[in-house]
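Here is a short report for a reader meeting this structure for the first time. Please look over the sequence and the 3D view before reading on.

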Amino acid sequence: MEELKQWCDNNLTKTAKDSAIGKAIRYTINQWGSLIRYIDDGNIQIDNNAAERHIKPFVIGRKNWLFNQTPRGANASALLYSLVQTAVANNLEPFDYLKHLLTELPKLGRHYEPEALDQFLPWNLIEKIKPLK
């Protein structure tokens, strides 16, 4: 790593700032502290891909919501998105969770006590629905 740092320092002024290698050298030098920290502690993630994967559904959802034709459509999208993310947050397979809800909720009928919905909360379905892979 010290050889890489020395090479970057030696070639910094020998490369055009806007060239691909010039940008790479400057990036490496600017991020050197983080790179060294990563090497010192193997528990630190080398990238933020995990965080980006977690926020990707929000970005996709935001773009999709732009195309809802009516407020009812937007509410339906938000509801479905909330159910899927609730399943994920509770380590349940979203498709199986939605399938369970859509097949079992109608069995309550039109008139039911609010407490009857407790059985459909994700933490009460851990035994019935397979976990995320």
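This is a predicted model: local features need pLDDT of at least 70, side-chain atom pairs count only at pLDDT 80 or more; totals for chains, interfaces and linings use all residues.

**The core**

Start inside. The largest nonpolar core has 7 residues. They are Ala87, Leu92, Tyr97, Leu101, Phe120, Leu125 and Ile129. In soluble globular proteins, nonpolar side chains tend to be buried together.

Leaving out residues up to four places away in sequence, Leu92 touches Ala87, Tyr97, Leu125 and Ile129, among others. Its list of contacts also includes Pro122, Ile126, Lys130, Pro131 and Leu132.

**The salt bridges**

Side chains of opposite charge can pair when their charged atoms come close. The count here is 3 salt bridges.

| Salt bridge | N to O distance |
|---|---|
| Lys5 and Asp9 | 3.1 Å |
| Asp96 and Lys130 | 3.8 Å |
| Glu104 and Lys107 | 3.1 Å |

Take the pair of Asp96 and Lys130, whose side chains meet in a salt bridge. This pair links distant parts of the chain, 34 residues apart. Asp96 sits in helix α6 (residues 94-104), while Lys130 belongs to the segment after α6. Asp96 is partly exposed, because its relative accessible area is 22%. Lys130 is also partly exposed, with a value of 44%.

Lys5 and Asp9 make a local pair within helix α1 (residues 2-11). They are 4 residues apart, about one turn of the helix. Asp9 has 35% relative accessibility, so Asp9 counts as partly exposed.

Now the pair of Glu104 and Lys107. Glu104 is partly exposed at 26% relative accessibility. Lys107 reaches 62%, so Lys107 counts as exposed.

Thr28 is found in helix α2 (residues 20-30).

Together with Met1, Trp7, Ile21 and Ile39, Leu4 makes a nonpolar surface patch of about 460 Å². Ile39 lies in helix α3 (residues 32-40). Is Ile39 exposed, partly exposed or buried? Ile39 counts as partly exposed, because its relative accessibility is 42%.

Methods
Residues are numbered from 1 along each chain as its sequence is written. Side-chain values use heavy atoms; hydrogens and water are left out. Patches are made of residues with over 30% relative accessible area and no salt bridge: like charges are joined within 9 Å, nonpolar side chains (Val, Leu, Ile, Met, Phe, Trp, Tyr) within 5 Å. Accessible areas come from the Shrake-Rupley method with a 1.4 Å probe; for residues, only the protein chains shown count as cover. A salt bridge is a side-chain nitrogen of Lys or Arg within 4 Å of a carboxyl oxygen of Asp or Glu. Helices (H or I, at least four residues) and strands (E, at least two) are DSSP runs, numbered from the N terminus. Buried means under 20% relative accessible area, exposed over 50%, partly exposed in between (1.4 Å probe, protein chains only). A nonpolar core is a set of buried Ala, Val, Leu, Ile, Met, Phe, Trp, Tyr and Cys residues joined through side-chain atoms within 4.5 Å. Contact means heavy atoms within 4.5 Å.
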